[in-house]
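Let's take a walk through this model, starting on the inside and working our way out to the annotated stretches.

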Amino acid sequence: MILSQIAWIDCFAFLLFLAPQLLLHVNTIDLAICTFKAIPHLLLVLPYHLTHERYLTPRAHQSPFVQHATLFQDLVIRCVRYAFTSIPASIGAVFFSPPVALPFLRFRMLRHGYLHSPIHWRAINRKGLQGLFMIHDETRRPDVVVYYCHGGGFSMGSSYFYMEFLFAWVSLLKDAGYANPALFALEYTLVPVATYPTQLQEALKGYKYCLSIAEDPSRICVSGDSAGATLVLSLLLCLSNYAGGMRDKLPGLAIPISPWAVILNPNHRNTASDYLHKDSLHLYGSQYIGTKAGSDDPLVSPGSCKDLAWWRRASPTLGWFFVYGADEVFAPDARELVAVLKKGGIPVEVLEEKGWIHAWPVVKLFLCIGQEERQSGLRAMVEFMRARLEPGKDV
């Protein structure tokens, strides 16, 4: 199931679903302050900067993203940039929460003629483990399993917000020849409810759940974007040192998308294109680390690990595929981690998308117009999987 681009009517519907949840879950005074601060920016500052850069600035001096973005894409990313830098995480978390994301997905499905999802899915609620499981045919064992951890700075985000992206991934895997693709998306505890190592412990439980589904670890692909990619990297480092027999059950593939490799990095620099901001990242990263680990602990900040032997032990058995935007804040971190892996003789493939921003495969699916461009990130990831993990084999 692959829906069309987000349209203006979808934006209005999203706001309708969002408004009551904000009133229910956010302190009235905090919400009022946030709203009064946002109104002048959204009505005056944002339109001024958008008009000036898009129409009054020579193309050579525009940001790489603005040079190719449509007006709609440019406007949405500017709104996201404002939200990331200026709206508290306690309010931002409501934007991505299940009570907003799920009705929004159902609205989009109805708009495209779907009363029910053609892909079976269900919520997993167990002690210490929550998430979403989706599979093409629930009566059969999957021949490939994707294990996904969502982004959101450890303070926001939800697997429900990513459902459309994840449905598209499962659909493309089926089209690529896999007999019965499945995906498990982890719902980990957000900050400030819990800090490290809770999220890593939950990621480990999620991986064990995937092992129970796939049986053969080589048929598992671990992936995630942003903070979720951090958890994937930390999970692999953790598995390689695990004493309970897990070190022999590493996944076949890993696809980190825009990984937040170094949590507290003084070298982070804002870019003209990206919606991430280094100050917000430092705040969210500090809150995630908490008091039980140091910022240079590899299990907290996997990009801090320069131990080549450890990375060799931690690498998936069939290969890495790093996907990130050339103009995002985390691009230098991703390049540096890839260089470390290659120095260790570890096979790594990279897709650095020119002119694009953080988590671009997700952004493209939601905001681009033509299906070829919308699916380009996902199709590259599926092709990587298909080249290393032959479809159609029963586990």
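**Inside the cavities**

The largest cavity has a volume of about 70 Å³. Keep in mind that this is a predicted model. Who lines that space? Ala101, Phe104, Leu105, Tyr160, Phe161, Met163, Glu164 and Phe366 do. Two elements, α6 (98-111) and α7 (163-175), each give two or more residues to the lining of the largest cavity. Of these, α6 makes the largest contribution, with 3 residues. Sort the lining by class and you get 7 nonpolar residues, no polar ones and 1 charged.

How many cavities of 30 Å³ or more does the structure hold? The count is 2, so let's visit the other one. The second largest cavity has a volume of about 30 Å³, and its lining is made up of Ala261, Val262, Gly303, Lys306, Asp333, Glu336 and Leu337. Here the classes split into 3 nonpolar, 1 polar and 3 charged residues.

**Out to the annotated spans**

Now for what the record says. An unreviewed UniProt entry puts the annotation "transmembrane region" on residues 6-24 and 82-105. How do those spans look in the model? Residues 6-24 are 89% helix and 0% strand, with 26 Å between the end C-alpha atoms. For residues 82-105, the chain is 83% helix and 0% strand, and the end C-alpha atoms sit 24 Å apart.

Conventions
Residues are numbered from 1 along each chain as its sequence is written. This is a predicted model: local features need pLDDT of at least 70, side-chain atom pairs count only at pLDDT 80 or more; totals for chains, interfaces and linings use all residues. Side-chain values use heavy atoms; hydrogens and water are left out. UniProt positions are given in the numbering used here, feature names are shortened, and annotations may be inferred rather than shown by experiment. Helices (H or I, at least four residues) and strands (E, at least two) are DSSP runs, numbered from the N terminus. On a 1 Å grid over the protein atoms alone, a cavity is a set of points where a 1.4 Å probe fits but cannot get out, and a pocket is an open set with protein on both sides within 12 Å along at least five of seven lines; lining residues have an atom within 4 Å of a point. Grid points are joined across faces, edges and corners, and a volume is the space filled by probe spheres set on the points. Ala, Val, Leu, Ile, Met, Phe, Trp, Tyr, Cys and Pro count as nonpolar, Asp, Glu, Lys and Arg as charged, and the others, Gly among them, as polar.
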